[in-house]
Structures are given as C-alpha cells and as structure tokens.
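This report walks through how the parts of one protein chain sit against one another. It takes up helix packing, then a pocket, then the backbone.

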Amino acid sequence: VPPAGAAAAIWEAVEADLDLAICITEGIPVRDMLEVRNKMKAKEAAGGKKTLLLGPNCPGLITPEEIKIGIMPGHIHRKGRIGVVSRSGTLTYEAVAQLTEIGLGQSSAVGIGGDPINGLKHIDVMHAFNDDPDTDAVIMIGEIGGPDEAEAALWCKANMKKPIVGFIAGVTAPAGKRMGHAGALISGGADTADAKLAIMEACGFTITRNPSEMGKLLKGLL
C-alpha cells in the first residue's frame, strides 16, 4: 500500500479484528501513524480485540520452511534455532546470511522497522523469543535514536534466559542528523550507539561494533 493510504489500510486490518497486521511501507507521514496508533489504543482500552502491528517501514517476518510475510530474500534463510530481531532490514539480511553460512539457521527473523512510530518493539519480540522453545539464542540489532533497545536490554537482564548478541548501527553518526530511517536520529545522550551498546553490555549482552562478527560471536556462545 502506498504511503498516503497505508495508515488507513492498517486501521482497516484492526477494524477487521486481525491478529497481526504487517506493514512494509516506507514514508508514511508521522501524523498518520500517530492517529492510527491512538485509535488502536482506544479500541483496546474499550475492550476491543488487540491487533498486533509489525512495522511500518520493515521487511516483515519469516520462519524458514513455514511462513514468510514480507520482502526479505527467502533463499538466504535456513531453518535453525537462532532468533533475529532488527530495526534495519539490510542488517537483518546480514545477520541471517551469516547464521546460514555457519550452519546455524534461524528460528524466526523479525524486522520491526525504522520509523519513529511503529508497532512491535524489540522488547516484544525478545519476550516472544524467550518463550519460544524453538529458539536457543538471539541476535538483536538496533540503531541510534529512541529508547527501545535500552528498554529491551533492561527487560532481558531481568527475564531473558538465552544468550544474546547485540549490535547498534550508527556509532559514527553526528547528533541531530537523521541517518537513513526516520527514527534514526540522536536527540540526547542516552540514544547514541555507544550509550546503547554500554547498556546492552551491562545487561549481559555480548556486543560488537562490527556487524560482520554477529554470527561468529553467536556461535561462540552456544
């Protein structure tokens, strides 16, 4: 669905009481997403059925050999027991390709999207991976901007029972300049890549500043 009509399409899915809506569209106006998010919250508060939203501006999700809903290249995926969650579609593919190359594969790979107003967050997907008996470990990939990765890391410290490799894109990004995704904007000291990596490391993650090491580091934790 093109950006101008994407928020309305999300709301149509919510009104139809779908369990999950996945929106891959990039460039949806922030005001449109604020409006549809507020309507979703109001419906849920009134006792209506909750529809989970993945995205927007995301590649979707895949459980290899079972289901694919999105735009990720299916041929790089292989059934395995490692979960992947990322704000970046390209870095999702990078982590997946590394896991496939070293023979580990993926339980599921979930791209949550890089927009400032989105649905499922890192913490939601990490919760699901923690509860998933088919997932043994997780690669969590974030970006500069916003508190989501830090909040997920703190939750993982208290609850996660599986090893995690973490990477944050944007170590060299200057403050105040948007880098690619609309949500990738440093606005304060706690949302830089270095700050997020420090929180993740303090919460027990094995972190890396080099995305080419994600798969290798994960294999070393098993």
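Which residues in helix 4 meet which residues in helix 5? In this predicted model, His122, Ile123, Met126, His127 and Asn130 are the residues of helix 4 that take part, and they meet Asp148, Glu149, Glu151, Ala152, Trp155, Cys156 and Asn159 in helix 5. Sorted by class, the residues of this contact are five nonpolar, four polar and three charged. Helix 4 covers residues 122–131 and helix 5 covers residues 148–159, and their axes come within 8 Å of each other while crossing at roughly 30°. Because angles under 35 degrees count as roughly parallel, helix 4 and helix 5 are described as roughly parallel to each other. The crossing in which helix 4 passes helix 5 is right-handed.

**Helix pairs**

Two packed helices are described by the angle between their axes and by the distance between those axes.

| Helix pair | Angle | Axis distance |
|---|---|---|
| Helix 1 (residues 3–15) and helix 2 (residues 30–45) | about 10° | 9 Å |
| Helix 4 (residues 122–131) and helix 5 (residues 148–159) | roughly 30° | within 8 Å |
| Helix 3 (residues 89–101) and helix 7 (residues 214–221) | about 50° | 8 Å |

Helix 1 and helix 2 pack at an angle of about 10°, which makes helix 1 roughly parallel to helix 2. On the side of helix 1, the contact is made by Ala4, Ala7, Ile10, Trp11, Val14 and Glu15, and on the side of helix 2 by Asp32, Met33, Val36, Lys39, Met40 and Lys43. Eight residues of this contact are nonpolar and four are charged, while no polar residue is found among them.

Helix 3 and helix 7, whose axes lie 8 Å apart, are by their angle oblique to each other. Helix 3 passes helix 7 in a right-handed crossing. Leu91, Glu94, Ala95, Gln98 and Leu99 of helix 3 make this contact together with Met214, Gly215 and Leu218 of helix 7, and the residues involved divide into five nonpolar, two polar and one charged.

**The largest pocket**

Where empty space is left can be shown by rolling a probe the size of a water molecule over the atoms. The largest pocket has a volume of about 380 Å³, and among the 19 residues that line this pocket, those closest to its centre are Arg37, Met40, Lys50, Thr51 and Gly119. Helix 2 gives the largest share of the lining, seven residues, and strand 2 (52–54), like helix 2, supplies at least two. By class, the lining is made up of eight nonpolar, three polar and eight charged residues.

**Backbone details**

Two places in the loops deserve a look. The peptide bond that runs from glycine 55 to proline 56 is cis, with omega near 10°, and proline 56 lies in the loop between strand 2 and strand 3 (60–63). Aspartate 17, found in the loop between helix 1 and strand 1 (20–22), has a positive phi of about 60° although this residue is not a glycine.

Terms used:
Residues numbered from 1 in each chain as written. Predicted model: local features only at pLDDT ≥ 70, side-chain atom pairs only at ≥ 80, totals over all residues. Heavy atoms only, no water. Axes fitted to C-alpha atoms, helices over the stretch in contact; angles between N-to-C directions. Helix = DSSP H or I, 4+ residues; strand = E, 2+ residues; numbered from the N terminus. Parallel < 35°, antiparallel > 145°, perpendicular 65-115°, else oblique. Contact = heavy atoms within 4.5 Å. Nonpolar A, V, L, I, M, F, W, Y, C, P; charged D, E, K, R; others polar. Left-handed = near helix turned anticlockwise from the far one by under 90°. 1 Å grid on protein atoms, 1.4 Å probe; cavity = no way out; pocket = protein on both sides within 12 Å on 5 of 7 lines; lining within 4 Å. Points joined across faces, edges and corners; volume = space filled by probe spheres on them.
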